[in-house]
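Subject: Structure for you to look through

Dear colleague,

I am passing on the structure that follows, together with notes on what came out of it. Please read the notes with the structure open beside them.

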Protein chains: 2
Amino acid sequence: MERDGPRFPPGTRKLVYVQVADEIAKRIKDGTYPPESRLPAELEFVAEFGCSRESVRRAVQELRDRGWIETIKGKGSFVLPPEERPARSS
Amino acid sequence: MERDGPRFPPGTRKLVYVQVADEIAKRIKDGTYPPESRLPAELEFVAEFGCSRESVRRAVQELRDRGWIETIKGKGSFVLPPEERPARSS
DNA sequence: GGAAATTTGTTCGTATGTATA
DNA sequence: TTATACATACGAACAAATTTC
């Protein structure tokens, strides 16, 4: 996922995990992944985005930190309903 | 870990990975990390010492070369009992 | 109940790019 | 120019929780 890409000034390139996090966030916002639903498994995202599991995990952690999802070991990550999300988390 | 630090005559400053290796060796010697025990993960050392993973890995490799520890992929690095260590490895 | 598959969690292995001395 | 050091990213193996058959 554009690991190399064009040469940007240092610190300007969009990191892979940010790209992934942004895409998943977009899908949550537009209802592709509705509240209460389970997100695709990490390895599914790996296959879809063609990136590493580490990048997917960082992206998921980002969304977790924003309060958009919760993750349960052995089960998956679940979209939190908007009312359970922190106010300033868009 | 003192990447910048005071100015030494060229080639005199103690390298980061050497500092880390010395510190871990000290802890093995004083029993902080006893025989058979698992060392903290690389990323834990990164957090504690505030250096890069590369420097930690170099340090760990140094101890491996000295015969103080063995490393198993996916599991960690383990302190070898003194009797399994080479004679001249202090 | 039990074994296998699924899924997240953890850890080491490797490659590459950038900055600096 | 070379060696050190940091950061990002991908790969692989193992561990633990859960689900499925």
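Before the strands are described, a word on terms: helices (H or I, at least four residues) and strands (E, at least two) are DSSP runs, numbered from the N terminus, and two strands pair if DSSP finds at least two bridges between them. Please keep in mind that this is a predicted model, in which local features need pLDDT of at least 70 and side-chain atom pairs count only at pLDDT 80 or more, whereas totals for chains, interfaces and linings use all residues. Residues are numbered from 1 along each chain as its sequence is written, chains are lettered from A and ligands numbered from 1 in the order in which they are written, and side-chain values use heavy atoms, with hydrogens and water left out.

In chain B, S1(B) and S2(B) run antiparallel and are joined by 4 bridges. Within this pairing, B:Ile69 has B:Val79 as its bridge partner in S2(B), while B:Glu70 is partnered by B:Phe78. The two strands form a hairpin with 3 residues between them, and B:Gly74, in the turn, has a positive phi of about 85°. B:Gly74 also reaches the DNA, since one of its backbone N or O atoms lies 3.4 Å from a sugar or linking oxygen of DNA strand C; a polar contact here is a pair of N or O atoms within 3.5 Å, and within protein one must be able to donate a hydrogen and the other to accept it, with residues adjacent in sequence counting only if both atoms are side-chain atoms.

DNA strand C has 25 residues around it, of which A:Arg53, A:Arg57, B:Glu42, B:Arg53 and B:Arg57 come nearest; a residue is taken as near a strand if one of its heavy atoms lies within 4 Å of it. Of the atoms of DNA strand C that come within 4 Å of the protein, sugar and phosphate account for 66%. By class, the surface near DNA strand C has 5 nonpolar, 7 polar and 13 charged residues, where Ala, Val, Leu, Ile, Met, Phe, Trp, Tyr, Cys and Pro count as nonpolar, Asp, Glu, Lys and Arg as charged, and the others, Gly among them, as polar.

DNA strand D is surrounded by 24 residues, and the closest are A:Val16, A:Ser55, B:Val16, B:Ser52 and B:Ser55. Of its atoms within 4 Å of the protein, 75% belong to sugar or phosphate and the rest to bases. Phosphate oxygens of DNA strand D lie 2.7 Å from a polar side-chain atom of B:Ser52 and 2.6 Å from an N or O atom in the side chain of B:Ser55, and a polar side-chain atom of B:Lys73 lies 3.3 Å from a sugar or linking oxygen. Among the elements, H3(B) gives the most to the surface near DNA strand D, with 4 residues, and by class that surface has 7 nonpolar, 6 polar and 11 charged residues.

Turning to the aromatic residues, rings of Phe, Tyr and Trp (its six-membered ring) pair if their centres lie within 6.5 Å, and planes under 30 degrees apart count as stacked, over 60 as edge-to-face and the rest as tilted. By this rule there are 4 aromatic pairs over all chains. A:Phe45 and A:Phe49 are stacked, because their ring centres are 5.6 Å apart and their planes are at 15°. Both residues lie in helix H2 (residues 42–49) of chain A, 4 residues apart, about one turn of the helix, and both A:Phe45 and A:Phe49 are buried, meaning under 20% relative accessible area, with exposed being over 50% and partly exposed in between (1.4 Å probe, protein chains only).

With best wishes
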